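Morning, everyone. Please bring up the model, and we'll go through a few spots in turn.

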Amino acid sequence: MILVDYPEKSRWTELLKRPVMNTEHLFDTVRDIIRTVRAEGDKAVLRYEEQFDKVQLETLEVTPQEFDEAETLVSQELKDAISLAARNIEAFHAAQRFEPIEVETQPGVTCWQKSVPIERVGLYVPGGTAPLFSTVLMLAVPARIAGCREIVLCTPPARSGKVHPAVLVAARVAGVRRVFKAGGVQAIAAMAYGTESVPKVYKIFGPGNQYVTAAKQLVSLRDVAIDMPAGPSEVEVLADAKANPVFVAADLLSQAEHGVDSQAILVTTSKELQLAVQKEVERQLELLPRKDIASRSLESSKLIVVRDMDEALDMTNDYAPEHLIIETEDYAALAGRVTHAGSVFLGSLTPESAGDYASGTNHTLPTNGYAKAYSGVCLDSFVRKMTFQEIRPEGLRRIGPAIELMAANESLDGHKNAVTVRLAELER
């Protein structure tokens with residue numbers, strides 16, 4: 001990892017730059033795949049599965065028999081762990097249910113708001129170097145709680161033509177009945193436009209590689225909504241001199257093993273901790289099965305020493321990390337000063353892994369600094385808020401003249417007239 005000591009603020013932007021590839025240069029390739037899937041449907045998806053995922057499929061949808069087979073291939077211990085995580089995710093997200101609001105803004109003028117589920121949602125679960133069955137829970141459980149009528153899940157199959165059994169077990173636990181063997185751009189296009197097999201959805205959720213990210217950006221321009229811009233995963237650990245270097249190193253490595261373009265950052269007020277973490281990272285790295293991936297990720301990761309905790313917090317809020325772990329003695333006080341982060345983990349016994357799997361919070365979070373403007377996935381992500389209003393005679397008499405005046409001053413006489421004719425009728 002790169003060691004940085006007491007950087008001036010003028011260096012922060014360059015110092016905290018993510019190893020993110022610009023997806024715009026992928027747009028031409030991605031656009032061609034999207035157009036082909038839109039025109040040819042299942043035939044194109046099957047062809048791209050053979051080209052990109054190296055698997056020959058006859059059909060895309062996972063059968064009930066494959067769901068049943070998956071149950072026999074997953075250990076009871078893992079099933080129990082998946083069920084525990086699902087219960088915690090459900091408990092946290094169910095508590096987010098919206099309570100309807102009704103307000104009388106003037107006598108005779110009532111406004112209210114209610115929450116309506118998005119009817120059809122598409123969930124993308126990456127395959128790649130690790131089967132992310134936890135992402136199934138993070139997306140499908142809140143979708144079910146929200147009341148989404150149709151939940152479609154796409155995930156790339158293995159070369160055997162099968163979806164990883166833990167993904168199917170998690171899907172069944174979360175209430176997903178329709179799973180399709182499709183990955184990458186072709187999966188996003190299939191959900192955005194529909195094929196003979198894959199239903200068209202109204203909103204697409206889920207992380208993915210740079211091609212998936214580019215595809216989501218393109219289809220969202222006019223045809224379907226997406227959860228958020230998302231890129232490679234990242235973590236920042238904010239630590240003081242009393243932090244445990246073993247814990248800090250483990251947290252950094254847990255993020256680095258996600259992928260070669262992941263980023264892990266330590267911001268600390270202690271030079272001694274910085275050096276201790278550097279040694280501990282090197283020691284623990286040798287023990288990781290995904291050492292090669294983590295090593296490449298660490299090439300763009302940094303251990304930064306700053307002058308004091310005020311500067312550390314300024315840097316943290318400027319970086320706006322996807323995951324922020326605060327391993328300091330006064331973590332509760334510091335947490336209140338964090339304004340930009342996707343999800344925050346407090347204290348030395350709260351690893352980022354907890355949020356990734358089983359604490360109950362969602363692990364689908366804004367990356368690449370988007371935490372300054374975007375929330376992570378939550379129950380609200382799967383619903384729409386609709387407003388209603390009712391105006392009675394007293395109310396129209398009270399606000400009608402103001403509406404007429406404002407409309408006239410915007411030169412929108414049709415708007416003014418819609419009120420004028422009603423006021424005239426009331427006078428008669």
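S297 sits in helix α12, residues 291-298. Helices here are DSSP runs of H or I with at least four residues, strands are E runs of at least two, and both are numbered from the N terminus. S297 is buried, at a relative accessible area of 0%. Buried means under 20%, exposed over 50%, and partly exposed in between, using a 1.4 Å probe and protein chains only. What does S297 touch, leaving aside its neighbours within four places in sequence? A256, G259, V260, S262 and Q263. Contact means heavy atoms within 4.5 Å.

A word on the source. This is a predicted model, where local features need pLDDT of at least 70 and side-chain atom pairs count only at pLDDT 80 or more, while totals for chains, interfaces and linings use all residues. Residues are numbered from 1 along each chain as its sequence is written, and side-chain values use heavy atoms, with hydrogens and water left out.

Next, helix pairs. Take α8, residues 184-193, and α9, residues 210-219: their axes come within 8 Å and cross at roughly 25 degrees. So α8 is roughly parallel to α9. Axes are lines fitted to C-alpha atoms, for helices over the stretch in contact, with angles from 0 to 180 degrees between N-to-C directions. Under 35 degrees counts as roughly parallel, over 145 as roughly antiparallel, 65 to 115 as roughly perpendicular, and the rest as oblique. From α8, the contact uses G184, V185, I188, A192 and Y193; from α9, Y211, V212, A215, K216 and V219.

Now α10, residues 245-256, against α11, residues 271-285. They pack at an angle of about 60 degrees, axes 8 Å apart. That makes α10 oblique to α11. On the α10 side, the contact residues include P245, V246 and L253; on the α11 side, they include L273, E280 and L285.

On to helix α3, residues 42-52. Which of its residues are buried? D42, A44, V45, L46, Y48 and E49. Their cover includes α2 (27-40), β6 (178-181) and α8. After α3 comes K54, with a positive phi near 60 degrees.

Last, cysteines. How many disulfides does the structure hold? Zero, counting a disulfide as a pair of cysteine sulfur atoms within 2.5 Å. C148 is in none; the nearest cysteine sulfur, from C378, is 12 Å away. C148 is buried, with a relative accessible area of 8%. C111 is partly exposed, at 27%.
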